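Welcome! Please take a look at the protein below, and then read on for a short tour.

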Amino acid sequence: MTVRQRLTMTVVTASMISLAVLVFSAVTTQAQDTRFAQSWPKTDFSRSTVDLSDVISGGPAKDGIPALSNPPFIPAQSENRLDAREPVITFVPPKGPARAYPVRYLMWHEIVNDTVSGRPITVTFCPLCNTGMVFDPRVDGETLDFGVSGLLRHSDMIMYDRQTESWWQQALGQGIVGRHAGRQLEQLPAWMESWAAFRTAYPEGQVMDEPKLPRSYGTNPYRGYDTARPFLYSGENPPHGIDPLERVVRVGNRAWPLSRLRTQGRISEAGVVLTWREGQASALDKAQIGAGREVGNIRVQSPSGADVVHDIPFAFAFHAFHPKGIWMLGK
């Protein structure tokens, strides 16, 4: 066999292998799409930034967990149903009163589409990852309206927008499937604190009123979750021997273990100042949210005192979505 013949056979063989890989990939993608096509006929599955084999059902169907839109609010001083230690997500607009979104409601609805001082915001909470985050829902000048897909990836809620039925990873604020795959929502400064802390800091603030739906508001359907093990998660455990369900304070791609912050009380590193003080209950511990064990009130600010975008996920979730993240261990 001549050199040219051997080269020709090599090229043909390589081409056949490449073709086989493409065919296999196409078949795999088609098989993945088929799993979701019936429930998601408007979603463009030709655009995806993730492996769809990582997407699983969390149990409820699409909108089985009903997101809320433009809920009513009442003055903070008029609210008497919340326990002092119950967590709320606080959002303070540039103008107008601060708003509190009680986790007792987000536990059952996970998403609130709202407008504050004329600005649209999307308030989100994934109980399985403890990720409470507020986003600007505008993409290319269009305000998106978000719902709960009922799907999970690495145990984190996948949101979807009702305009294009694109899928969005809540822990990242990123579009992962559909027309908006690869797009990024802007995360806005917000924080989780106790109801007592909010009411003291913002006596003229407003709090979301109780939804008129048959839910056991104030109870925790994930009793004992944050001392057990991650739900429907099969990824790697965090490094450095950190417990998967330890809370961490995430700023960008950095994570400070809550145990370290709680011990020190105040940490000034990497251009931010983190503080801890007691008074907030874990929403994922006891049957009654207000009776949960102490996790404390955390604030993250710049050295000048400006609030810094952050959230407080479980360690496993930080590692899953920030595999190259920096662990701020203080060593």
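Buried residues, meaning those under 20% relative accessible area (1.4 Å probe, protein chains only), make up 51% of the 331 residues in the protein chain. This is a predicted model, in which local features need pLDDT of at least 70 and side-chain atom pairs count only at pLDDT 80 or more, while totals for chains, interfaces and linings use all residues. Residues are numbered from 1 along each chain as its sequence is written, and side-chain values use heavy atoms, with hydrogens and water left out.

**The whole chain**
- The protein chain has five helices and 23 strands; these are DSSP runs numbered from the N terminus, with helices (H or I) of at least four residues and strands (E) of at least two.
- Along the principal axes, its C-alpha atoms fill a box of roughly 90 × 45 × 35 Å.
- Taking contact as heavy atoms within 4.5 Å, 64% of the contacts between residues at least 6 apart in sequence join residues at least 24 apart.

**A look at H180**
- You can find H180 in the loop between β14 (174–177) and β15 (186–188).
- H180 counts as buried because its relative accessibility is 6%.
- Leaving aside residues up to four places away in sequence, H180 touches V139, L144, D161, T164, S166, W168 and G175.

**A look at L232**
- L232 sits in the loop between β17 (206–208) and β18 (248–251).
- With a relative accessible area of 37%, L232 is partly exposed, a label for values between buried and exposed, where exposed means over 50%.
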